[in-house]
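Welcome, and please take a look at the structure below. The briefing that follows walks through it topic by topic.

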Number of protein chains: 2
Amino acid sequence: MTALPTEQPVATATDEERLARAYLLRVGEPPAPALVAFVGERGPVEAAARVRSGDCPDKVRRETAARREVDLAEQDLETAARTQARLVVPEDHEWPAWPLLSLAVASGRGVENVAAPLGLWVRGGANLAKAADRAVAVVGARLATNYGEHNSAEFAHGLATRGVPVFSGAALGIDGAAHRGALGAGGVTVAVLGCAVDIGYPAGHVDLLKRIADNGGAVVSEYAPGTPPARHRFLVRNRLIAGLTDGTVVIEAGIRSGARNTATTAGALGKVVMALPGPVQSANSAGCHALIRDCKATLVTSVDEVIDTVGRFGPAPEPENPRPRRPTDVLAPEALRVYEALVPRAGRSADQVATESGVPVDRVRALLPELEIDGFAVRGDTGWRRIVRSAPK
Amino acid sequence: MTALPTEQPVATATDEERLARAYLLRVGEPPAPALVAFVGERGPVEAAARVRSGDCPDKVRRETAARREVDLAEQDLETAARTQARLVVPEDHEWPAWPLLSLAVASGRGVENVAAPLGLWVRGGANLAKAADRAVAVVGARLATNYGEHNSAEFAHGLATRGVPVFSGAALGIDGAAHRGALGAGGVTVAVLGCAVDIGYPAGHVDLLKRIADNGGAVVSEYAPGTPPARHRFLVRNRLIAGLTDGTVVIEAGIRSGARNTATTAGALGKVVMALPGPVQSANSAGCHALIRDCKATLVTSVDEVIDTVGRFGPAPEPENPRPRRPTDVLAPEALRVYEALVPRAGRSADQVATESGVPVDRVRALLPELEIDGFAVRGDTGWRRIVRSAPK
C-alpha cells in the first residue's frame, strides 16, 4: 500500500478497506446501485471478496461480471500516488459524507442512476469534505457564448471571493470559465471528471486541471486510473457535481444539454437549482429559460441572489435601501395629486387645485401648507405655485 | 345628446344614463371606489342626482366634493363626438363587462385602487367588448433598449397574427413598439391612456394614436375630454390595462417602473403575468427578472409560450418533436455503453468490450448483433468495430 501524500489529513480507512474499494471501483461501472448497496451491507472488504469469488446476489453479479477478474487495486493506488492522486473512501475523515447522503436518500426513494460513489480518486490539496461543506456548482454548455463565459467567470469569482468553493466539470466553455474565475479570486475550485484524474481531458484543459490541483483545489473522479472519457460517464459524473454541492447554477445550456441534466439531477437530489437568464433569441440560454419556466430552477442574476437562494450560507448582505428616484416619492397619494395640480409659473387657488385634482377643497387647504413646509409648493400673490425639486443625490 | 358614430354597435344605454355617467366620470377622480359602489346600488341616474345635490354617503361626498358642481356632461359628449370618440358605459352591449369583473371582485376582496371604471371614452372602430374578450397586454419601460423594442414589436406582431388583440399604454419605448407591431400584422390594438382621448400625449405618438383608432383598434380612457396626463393617472390607468386583458407580458422594466406596477396589479386581479428575460447586466430587464424570481411572473421567450401560459386561447401549436441530435440518441443505456467501448479503426472482442464497458459479456454478445442491424457496429476479421454515423438531417 502506497503512503498518502503527507499534507493530507489523517486517513481512517485501513489499507485493506482502501484496496477493497479500489478493486470495487474498477469492477463496477458507476453507478452500480446493487454493488453499492451490497458494500453498504457487508463492508468493502467482505463485499470485494464475495464479488471476486462470485458469491453475491444476482444483481451484484450482473453489475460486476464483466470485470470482476480485473484486480488492479494495488497498481491503481500506485499509479495514483505517482500522479499526486489519492483514493478517498467513506471510511476516511475526508469523505464528504453529509453532501453525498443526498445520493443515497434519492437512490432509496427510487431515483435512477444516482447511487453514491464507492470512493473518489482525488488529485490536489483540497480537503474534500471541507470543500463540499458549503459549495456551489457552476455549470453550462461547452459551446458557450461570450455572454455565458463572462458570467460564468464572474459568478465563480464572486462565489470564491465570498469563500464558497466552486465545483464544475472541467469541460470547455462555461465549466472552464467557472474554474478560471474561482482561481482568479484565489478560491477553492473542484473539477469532477467523466474520466480518470490521470487522463488529460479535455486536452485544452490539461494546464487548467494542473492549476486547480496545485492551488488548493481538487480534481475528482470515481474512475480508476487510465479510464478514458465516454459520453455515459459524463452523465453519470453529473450526479457527483450535483451531490457534492448545495446548489447548482446553470449559466448557459441548450434546450438539451448535459448541464440541464446536472440541473435535473440536482433537483432530484433535493439540491437548489438556479439558472441565469439571457437574451430570448440565444439558443444557449434556451435550456436555462426552460428550467426557470418549468419551475425547475430559480432565476438568478447575481452572486448575492445565488447565496440568498442557496440559503445555507447565511443571509445575503442587505441591498442598500434604494433611494426614492424622485423627490415626490415621499408624498402620500392625495398630496401628490394636489402637487400635480400645481404649475411652476402660475399661481392657482385652492378651489382651482381641488377641481383639477379631484381632492376635496378642505383637504387641499390642509395639504398646501404641508407641501410648502416640505418645499414642494409656495404661496405667492397670484396663488399657489409648484416648486420643482431636483432628485436627491 | 349627440348621435353615436353610425358604424358602432347599437347602444343600449339611455341618453339619461350616458349623460349621468359622463357627469360622474368628470366629478370623481378615478378610482373612486365609494362612488362606484354608490352607482352600483342606485344606478347612474339617481346616483348622479344625489351627488349633484350632496345627498349621498360621506365617503361618496368626499370623493366628489371638489368637482360636483362641474357639470359638463353634454359638452363632454359633444366634444367627444367632434373628435370621433364615444362614451361606452356598462349599460351598453359594447361594455367589456366580463374582463372588468376582475376589478370589482378584487376591489371587493380589499385590493386598493382597483375600482371598476364608471365608463370609458373610446376613439376608434374596435368593439371594446370583442377586443377585450381574449386579449394580451404588452407593456414595458419608456426608456427601452433595442432588444426590448424589437421583442415588444415581435411579440405584439405574433399575437396579432394569431388574432389576439394587443393592449398597451401608448407610452414611448416598449408600449409604442407593441402597438406598431400589432398594426404591422394588421391586428387589433388598443391604447389605454392616462389622459383624455383628445389629448395628443405623448406628442411623439399623435400619429400612432390616430393609426390605432383608424385601423380597427381603439384609444381608450376614463378621463373626460381635455383632462391632461398626470403621474397618478398613469398608475390608475394601469388597472384598466390589466383588467381588460387576460394576461400581461412585461417586455422590459426597471426594478421600479410603471410596467412592474401593471404586472403587480394584473396579479392582484388574478390575471396571468408574464415577463421576458434578458441579459443579466441590463437594468431594463431587472424588473422582469425580479418578477420571475419572486414567482410573480412566468418567464416567456416566445409568442407560443405566451399563448400557452394564458391558456384560455386554446392550446399552443405542438412544437415539432425535436429530432435526436445524435444518431446514438436512440440507443438504450447499455447499448450505448457497448457502442462507446468500440472504436472505428480496430476490431474488439466481446470480452474486451465487456471489460471496457462494464456490461456483462452475455449482454454484450446479445447487443453487438443488434447494433450491427441498426448500423452502429460491424463484425470484421479482427473483431467488432464502431460505425460512425452522421446526424439525421
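Buried here means under 20% relative accessible area, exposed means over 50%, and partly exposed lies in between (1.4 Å probe, protein chains only). By that cut-off B:Asn151 is buried, with a relative accessible area of 1%. Please keep in mind that this is a predicted model, where local features need pLDDT of at least 70 and side-chain atom pairs count only at pLDDT 80 or more, while totals for chains, interfaces and linings use all residues. Residues are numbered from 1 along each chain as its sequence is written, chains are lettered from A and ligands numbered from 1 in the order in which they are written, and side-chain values use heavy atoms, with hydrogens and water left out.

- B:Asn151 sits in helix H8 (residues 146–161) of chain B; helices (H or I, at least four residues) and strands (E, at least two) are DSSP runs, numbered from the N terminus.
- Beyond its neighbours within four places in sequence, B:Asn151 is in contact (heavy atoms within 4.5 Å) with A:Val280, A:Gln281, B:Ile251 and B:Leu276.
- B:Thr301 is 150 residues from B:Asn151 in sequence, and their C-alpha atoms are 9.4 Å apart.
- A:Ala191 belongs to strand S5 (residues 189–192) of chain A and is buried, with a relative accessible area of 0%.
- Not counting residues up to four places away in sequence, A:Ala191 touches several residues, among them A:Ser168, A:His179, A:Leu209 and A:Val220.

**Helix H4 of chain A**
- In H4 (residues 73–82), A:Ala73, A:Asp76, A:Leu77, A:Thr79 and A:Ala80 are buried.
- Seen down the axis of H4(A), these buried residues fall within an arc of 160 degrees, so they line one face of the helix; the arc is that of the directions from the helix axis to the C-beta atoms.
- Their cover includes helix H1 (15–27), strand S1 (85–88) and strand S2 (120–123) of chain A.
- Just after H4(A), A:Gln84 takes a positive phi of about 60 degrees.

**A helix pair in chain A**
- Helices H7 (residues 146–161) and H8 (residues 174–184) of chain A pack at an angle of about 35 degrees, with their axes 7 Å apart; axes are lines fitted to C-alpha atoms, for helices over the stretch in contact, and angles run from 0 to 180 degrees between N-to-C directions.
- Residues making this contact include A:Gly148, A:Ser152 and A:Ala156 of H7(A), and A:Ala177, A:Ala178 and A:Gly181 of H8(A).
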